[in-house]
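Below are my notes on the model you sent.

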Amino acid sequence: MNVANKRSNQNKDENSRIDYGVIFSVMLLALIGLVSIYVAASHDLRSVGPWHAVISQLAWYVVGAIGVIIIMHFDTQQLWNIAPYAYWFGIALLIAVLFFYSRDYAIKTGAKSWFALGPLSFQPSEIMKPAFILMLGRVVTTHNHEYRHHTLSSDRILISRMILWSLPVVVLMLLQKDFGTMLVFLAILAGVMLVSGIDWRILVSLCLIVVLLGTLAISLVATDGGREVLSHIGFHAYQFERIDSWLDPSRDTSNNSYQLWQNLKAIGSGKLFGKGFNHSNVYVPVRESDMIFSVIAENFGFIGSCFLIIVYFMLISQMIKVTFDTRNEFYAYVSTGIIMMILFHVFENIGMSIGLLPMTGIPLPFISQGGSSLLANMIGVGMIMSMRYHYKSYMFSGNDFQ
Amino acid sequence: MKFMHRFNKAKTTQSILPFRLNVLLILVFGLFALLIGQLAYLQLLNGSKFQAEVDRSDKTVISGNVPRGLVYDSKGRLIVGNDPSSAITYTRSGSVKTSDMYQIANRLQKFVYLDDGNLTKRDKADYYLADSKHYKKIQALITKGMSDDEVQSIAQSDLYNRAVKYVSNHINLDLTPAQEQAALIFQKMSSASQYSTVYIKSYHATPKEVAEVSEHQIELPGVQAGVDSQRSYPMGDSMSSIIGKVSTEKQGLPDDRVNQLLAEGYSRDDRVGTSYLEQEYEPILKGSKSQTQISVGPNNKLTDSILKYKGSQGSNLNLTIDSQYQKAVDSAVKQTFSSAQAAGVAQYSDGAYAVAINPKTGAILAMSGVHYDPTTGKTTDDALGVINRTFVMGSAVKGATVLGGLMSGAISPENNVLSDEPIYLPSTPVKKSVYPNGTFGALGATQALEVSSNIYMMRLTMREGNAKYTPNKYIHIDQDIFKKMRANFNQFGLGVKTGIDLPGESSGIEGPTMSDGMVKVGSALDESYGNYDAYTLMQMGQYVSTIANGGYRMKPYIVQSIQKSKNDGTLGAIVNITQPQVLNRVGFDSSQLNVVKTGFYNVVHGTGAWTTAKDLADVSPSMAGKTGTAQSFYYDPKHPDNPNPPSTITLSMVGYAPANNPQIAVAVVLPNLSTEKGNYNLNLVKNMMNAYFGNSQSDSE
């Protein structure tokens with residue numbers, strides 16, 4: 001009786017340490033992802049059947065789940081210690097890929113950001129994302145312990161430290177010509193800056209600078225003279241074409257805007273309820289990966305799309321809830337980074353699919369086909385899970401974070 | 001209070017964090033709301049618009065060929081048919097890649113042998129590069145030393161062109177016979193656009209080839225055994241120059257009309273009539289293509305095809321020509337010309353031409369011609385020369401001159417005797433008739449036609465032009481004399497297009513009218529007896545028909561009716577019968593016409609020593625007509641500056657029968673013979689008349 005009670009207590013204990021909310025959301029997303037990949041693969045002519053695509057994605061999920069379980073068992077101290085190693089390991093991989101990138105892939109996509117080992121391909125920047133988040137969290141935490149109170153001058157030091165740690169990653173991303181992934185890192189940086197306690201005035205003025213630069217960039221791109229200036233700096237014509245097709249997708253539907261226009265047609269024709277499972281009559285290139293949202297929107301319509309966005313919102317709010325519950329400063333920065341990573345992926349991917357943002361090669365988290373991006377996201381989930389799993393040790397009263 | 005408390009204490013990170021995390025949550029919420037807003041805009045507000053766009057762009061109508069219409073003669077005999085034969089076709093589906101076609105071509109090469117077509121270096125390079133291994137290799141070679149950036153900046157098509165250039169210059173493109181065949185097949189396959197069908201072997205695929213292709217259908221996606229047809233001419237090809245040609249599959253649309261035809265819905269490899277009857281009646285002969293709506297699913301897969309319109313076979317033409325009679329006229333023309341050749345008088349000749357018309361309707365009964373080329377000595381069938389070759393016809397036009405004089409009031413049926421004194425102009429040979437000077441002192445119009453007096457025609461012209469004649473002095477004549485004469489001739493059809501339903505008709509050639517500011521009087525006098533302007537033989541036929549039928553210039557036509565084909569290939573309803581069309585009525589009265597008709601009758605039936613066509617008096621039923629003789633010089637292309645070119649004689653004749661109620665009018669010409677002897681024109685007319693009436697007698701029996 002006693003033993004049984006103890007075990008049940010232990011079970012209860014174990015249960016309460018696992019964040020089923022996050023697991024539930026991720027599983028929902030996984031399900032949506034597998035269904036979408038099935039639809040995409042069964043409508044596109046390819047050498048392997050739809051089940052093949054679904055099963056290999058499922059296999060990646062299994063690998064990812066194992067990753068989650070492993071990472072979940074790391075506690076904050078271990079993560080804290082791993083951070084610099086992970087960071088420098090990631091940087092080394094990013095440098096290596098500059099030399100050993102897959103030539104085939106570079107010709108196909110223009111980005112030199114993939115390793116290829118036989119049939120397996122792998123993008124080191126995906127590994128860099130969680131490593132960068134960890135490192136950034138560690139940097140901010142260290143700083144905030146050094147300077148207990150935020151002053152304008154201490155904030156300036158913090159900002160320059162953050163930028164200093166981000167700079168190698170950003171430069172390497174530019175060298176790989178992977179503009180989209182670079183934006184992911186910048187989004188993570190911005191998110192962590194927001195929560196790192198930097199003074200409002202600095203944040204607002206940084207925001208203003210970004211808005212100003214953005215406006216300038218758009219006005220440069222939208223005018224011929226501006227384009228001339230930009231092409232002198234080293235921008236390519238295809239980048240302008242992407243902007244053009246974003247501004248007016250129906251203008252040139254056979255060439256530059258073909259993908260976007262097909263995509264808009266697929267999504268638009270889904271209407272309120274969608275065409276139903278596995279009903280697709282618009283062909284969208286690469287819809288199994290970056291353009292997967294078109295499958296969901298075409299098959300399940302506005303309702304299905306909203307459901308997907310709500311699931312993402314649910315996942316993110318779960319993550320924020322965990323952060324509140326655990327009240328650990330380092331964890332707070334890490335989870336903010338992960339939230340920003342997922343948020344940016346979701347917003348940019350769906351945004352470009354529906355014509356809100358220009359096209360970039362960014363997958364939809366947990367849904368797009370592809371192992372390495374799924375792994376990065378699963379590592380992120382693992383770190384969030386690890387908070388709940390270990391939070392008892394950091395339980396501590398009061399409103400403040402430790 | 002607590003809020004204020006936090007705000008004041010906002011200098012420690014730990015206290016700021018919860019608030020900032022909430023800001024983050026709000027940010028997430030805001031961005032997601034933005035996504036949902038845009039989704040609502042796309043799917044709810046514009047969903048129907050996109051749905052319409054999807055429905056529109058993914059359905060295509062493709063058209064299929066139908067058999068071309070046939071041509072029959074007036075008795076329902078098939079002149080132009082379609083000769084169906086097995087063919088090997090290839091239909092390009094939406095998703096097929098170059099490398100797929102390369103494989104198919106290599107497989108097909110084992111079963112099908114192409115004996116025509118030639119490969120350019122470019123074709124060979126295309127074939128070579130269609131192998132993706134080769135293309136990768138060449139791509140690596142031409143981009144060697146370039147950075148990836150540079151390679152990226154080259155457009156795919158440009159890269160391909162560079163590869164082609166490289167292959168043509170550096171790779172040995174000697175193909176084995178099998179590869180050559182495969183390259184030929186590949187060339188044809190790649191000419192197909194999406195969902196269109198091309199012939200790989202368009203004609204005379206052997207039964208073995210068809211069988212093998214059908215057997216290996218599965219490994220040859222898109223390749224099929226089909227049917228192709230070519231024009232056939234069961235009645236021989238004597239009329240082929242009138243019927244004209246149809247472009248072959250290989251030639252495709254003629255270059256000069258390609259844009260117009262594409263706009264009319266032809267496809268590039270369609271067959272189209274490129275000359276004469278086939279061209280003139282193209283819209284009727286071609287039929288209307290079948291239309292199939294295909295729906296294209298995701299990844300360009302064909303999901304659905306609905307036959308929207310079955311198409312209809314081209315309509316048939318029934319000609320006015322009786323092929324039996326046409327054959328008789330053909331052999332008469334050939335016989336006449338070879339007898340002239342045998343007599344050694346045809347060395348400078350252009351050949352021989354003949355046309356027969358129903359004078360009451362303008363229906364062409366036969367048209368035939370042989371063309372002789374003095375420089376090569378070759379004789380070719382040239383029925384079309386009747387409408388597109390012009391000759392100075394000689395006295396045969398005098399009927400129009402006399403009627404012109406009568407209508408202008410220069411002479412009248414009662415009072416038409418003119419002096420037959422020869423006319424002397426300064427520094428010009430004497431203007432006279434064939435017969436010796438002084439044979440006749442004066443002539444009436446009828447007799448002038450019978451003996452073919454040139455002097456009468458000239459004197460009549462001088463009277464019409466108010467000329468003052470003093471021998472050996474320049475004759476002052478009205479400035480508009482040419483205009484007047486030609487206006488008169490034009491009424492009969494001489495010097496204007498006859499309006500026949502064939503393209504490429506000539507309107508004749510007008511000589512210059514003025515020299516040094518003065519009217520060329522001598523030429524004007526020559527014009528009066530047909531020795532100046534040049535006309536086509538069809539114009540002569542129209543002119544004599546106008547006299548034969550009492551003054552109606554009829555539009556000649558060769559298509560009697562248009563008849564539909566039923567879908568089983570049998571003849572269907574007649575959709576159009578050509579109505580005889582009067583182009584103009586010449587304003588003479590019957591007494592005026594009678595002068596000329598009597599003259600024409602006497603040309604054949606007169607008894608005078610100088611009556612010109614007495615040989616035809618025994619033609620039954622009795623006929624009337626007018627002969628013509630024109631003098632000219634042979635233009636030798638090898639010696640264009642010869643000061644003394646050989647002089648030649650053109651013999652012509654127009655006539656009709658029966659004289660009192662004409663059913664047939666004929667016109668013949670034998671241009672540029674070496675002598676006026678031999679009566680070739682009379683013999684040819686005689687043969688044509690006998691053949692025609694012999695024919696109709698045997699038919700009625």
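1. R486(B) and E527(B) form a salt bridge in this predicted model, with 3.8 Å between the closest N and O atoms. The two residues come from distant parts of the chain, 41 residues apart: R486(B) sits in helix α20 (residues 481-492) of chain B, and E527(B) in helix α21 (residues 521-528) of chain B. R486(B) counts as buried because its relative accessibility is 10%. E527(B), at 1%, counts as buried too.

2. Salt bridges with shared partners join D19(A), K321(A), D325(A) and R388(A) into one network. D325(A) has 28% relative accessibility and so counts as partly exposed, whereas R388(A), at 11%, counts as buried.

3. Another salt bridge is that of E209(B) with K201(B), whose closest N and O atoms are 3.2 Å apart. Both E209(B) and K201(B) are buried. Over all chains the count is 22 salt bridges.

4. Q341(B) belongs to helix α15 (residues 323-342) of chain B. Its relative accessibility is 34%, so Q341(B) counts as partly exposed. Which residues does Q341(B) contact, leaving aside neighbours within four places in sequence? They are A346(B), Y372(B) and T379(B). Q341(B) also lies 9.4 Å from L673(B), C-alpha to C-alpha, although 332 residues separate the two in sequence.

5. Two helices of chain A can be checked for length. Helix α9 (residues 200-222) of chain A has 23 residues, so at 1.5 Å a residue it should span 33 Å; the 32 Å between its end C-alpha atoms agrees with this. I202(A), L203(A) and V221(A) are buried in α9(A). Helix α8 (residues 179-195) of chain A, with 17 residues, reaches 25 Å from first C-alpha to last, close to the expected 24 Å. Of the 17 residues of α8(A), 13 are buried, so the helix is largely enclosed by the rest of the structure. After α8(A) comes G197(A), which has a positive phi, near 90 degrees.

6. I163(A), L167(A), V171(A) and L175(A) make a nonpolar surface patch of about 330 Å². Residues three or four places apart in an α-helix point the same way, because there are 3.6 residues a turn. L175(A) lies in helix α7 (residues 152-175) of chain A. With 46% relative accessibility, L175(A) counts as partly exposed.

7. Chain B contains 24 helices and 24 strands. Of its 701 residues, 50% count as buried. Of the contacts in chain B between residues at least 6 apart in sequence, 72% join residues at least 24 apart. The accessible surface of chain B is about 31400 Å², and carbon and sulfur atoms account for 51% of that area.

8. On confidence, the model scores ipTM 0.89 and pTM 0.60. The average pLDDT of chain B is 84, and 92% of its residues score at least 70. Where does pLDDT stay under 50 in chain B? One such stretch is residues 1-10, for which the model has eight contacts beyond four places in sequence. Another is residues 695-701, with five such contacts.

Definitions and conventions: Residues are numbered from 1 along each chain as its sequence is written. Chains are lettered from A and ligands numbered from 1 in the order in which they are written. This is a predicted model: local features need pLDDT of at least 70, side-chain atom pairs count only at pLDDT 80 or more; totals for chains, interfaces and linings use all residues. Side-chain values use heavy atoms; hydrogens and water are left out. Helices (H or I, at least four residues) and strands (E, at least two) are DSSP runs, numbered from the N terminus. The expected span of a helix is 1.5 Å times one less than its number of residues. Buried means under 20% relative accessible area, exposed over 50%, partly exposed in between (1.4 Å probe, protein chains only). Patches are made of residues with over 30% relative accessible area and no salt bridge: like charges are joined within 9 Å, nonpolar side chains (Val, Leu, Ile, Met, Phe, Trp, Tyr) within 5 Å. Accessible areas come from the Shrake-Rupley method with a 1.4 Å probe; for residues, only the protein chains shown count as cover. A salt bridge is a side-chain nitrogen of Lys or Arg within 4 Å of a carboxyl oxygen of Asp or Glu. Contact means heavy atoms within 4.5 Å. pLDDT is the predictor's confidence in each residue, from 0 to 100.
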